[in-house]
Amino acid sequence: MTDPSLAACEALVRAHDPDRYYSALFAPAAKRPYLFALYAFNYEIARVAERVNEPMLGEMRLEWWREMVESARNSEPIAHDVARGLAVLFAAVELPQTEIDAMLDARAVHTGAEPIADIDALERYADATSGALMRLALRIMGAGDAHNDLAREAGIAYALAGLLRALPVHAAQQRLYLPDTLLGEFKLTREEIFAGRGAEKLVGAMRWLAERAQSRLISARRRPRPKKCVAAVLPATLVPLYLKPIFKRGFDPFRWRIEVPVARRQWALLHSALRGKI
């Protein structure tokens, strides 16, 4: 019988993180509950910035999650489904605390309100969030650290695509993840973007970043195949689908709400899973 907390984690991921949910379905049945616990934790810390208006409140919320992780590692989880799910995960799989700390640190530093200096800083953030998550998923799948380089490249590609997809929403919230150096290159300001101006220049900046994401995906695909562990990095196979509209004529960065149909995403994931690569 499935642990109730793991079932709750699965339901949370299915509702709020469909890419990772469908990817996890290609993992062996015995591994899926642990992946869902990890992805539920990621969802919870990722949405902290969405739920608070003050950085201090975000830091407090993330500190609460740090304590929750510690309690789960000590097999004394608080009364929270994700905390209990993590306790089950930690009891079954040895996961490096450094990667979990990196995820929490990245969320604390980059709430989206603070400017990101350059592309290197943005990609460090992408690796500490999406890349770290893939490395942890690979460990759950039994790959150890054999595909860490693949996870870094695939994770960065997926994170950059995600940030581009979310740009209209973030801009409406006065948040921006485009680096200052990139804005300068295209003679853009944060204020312009927040006011819904400078669409033509913004398209240029977004296309530049989309090409960067594509190059990371190409790099990932040149790495050794993860074979039976491909479910851990499978979300990256969706990057081309998410970036395609940015290069279309007439693309409007302030009104773009791209939603790739579920069936199209499932087909792409299935195709990659059968080949054992992204």
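Which residues line the largest cavity? And please carry on from there to the salt bridges.

Modeller: Happy to! Keep in mind that this is a predicted model.

Let's begin with the empty space. Rolling a probe the size of a water molecule over the atoms shows where empty space is left. Here the count comes to 1 cavity of 30 Å³ or more, and about 60 Å³ of space lies in the largest cavity. Its lining is made up of Leu-122, Leu-163, Leu-164, Leu-167, His-170, Arg-175, Leu-176, Tyr-177, Leu-178 and Leu-209. Sorted by class, the lining has 8 nonpolar residues, 1 polar and 1 charged. Tyr counts as nonpolar in this sorting, so Tyr-177 of the lining goes with the leucines. His-170 is the polar one and Arg-175 the charged one. Two helices each supply at least two residues of this lining: helix H9, residues 148-165, and helix H10, residues 167-172.

Now for the charged side chains. Side chains of opposite charge can pair when their charged atoms come close. Across the whole structure, a search finds 15 salt bridges.

Asp-149 forms a salt bridge with Arg-152, with the closest N and O atoms 3.0 Å apart. Both residues lie in helix H9, 3 residues apart, which is about one turn of the helix. Asp-149 is partly exposed, at 40% relative accessible area, and Arg-152 is partly exposed too, at 26%.

Another pair reaches much further along the chain. Arg-212 and Glu-123 form a salt bridge whose closest N and O atoms are 2.8 Å apart. This pair links distant parts of the chain: Arg-212 sits in helix H13 (residues 199-221) and Glu-123 in helix H8 (residues 119-140), 89 residues apart. Glu-123 has a relative accessible area of 5%, so it counts as buried, the limit being under 20%. Arg-212, at 26%, counts as partly exposed.

These two pairs belong to one picture. Glu-123, Asp-149, Arg-152, Glu-153, Arg-212, Arg-216 and Arg-223 are linked in a network of salt bridges.

One more pair to look up is Arg-47 with Glu-44, whose side chains meet in a salt bridge at 3.1 Å, N to O. Arg-47 is partly exposed, with 25% relative accessible area, whereas Glu-44 is buried at 6%.

Technical notes
Residues are numbered from 1 along each chain as its sequence is written. This is a predicted model: local features need pLDDT of at least 70, side-chain atom pairs count only at pLDDT 80 or more; totals for chains, interfaces and linings use all residues. Side-chain values use heavy atoms; hydrogens and water are left out. On a 1 Å grid over the protein atoms alone, a cavity is a set of points where a 1.4 Å probe fits but cannot get out, and a pocket is an open set with protein on both sides within 12 Å along at least five of seven lines; lining residues have an atom within 4 Å of a point. Grid points are joined across faces, edges and corners, and a volume is the space filled by probe spheres set on the points. Helices (H or I, at least four residues) and strands (E, at least two) are DSSP runs, numbered from the N terminus. A salt bridge is a side-chain nitrogen of Lys or Arg within 4 Å of a carboxyl oxygen of Asp or Glu. Buried means under 20% relative accessible area, exposed over 50%, partly exposed in between (1.4 Å probe, protein chains only).
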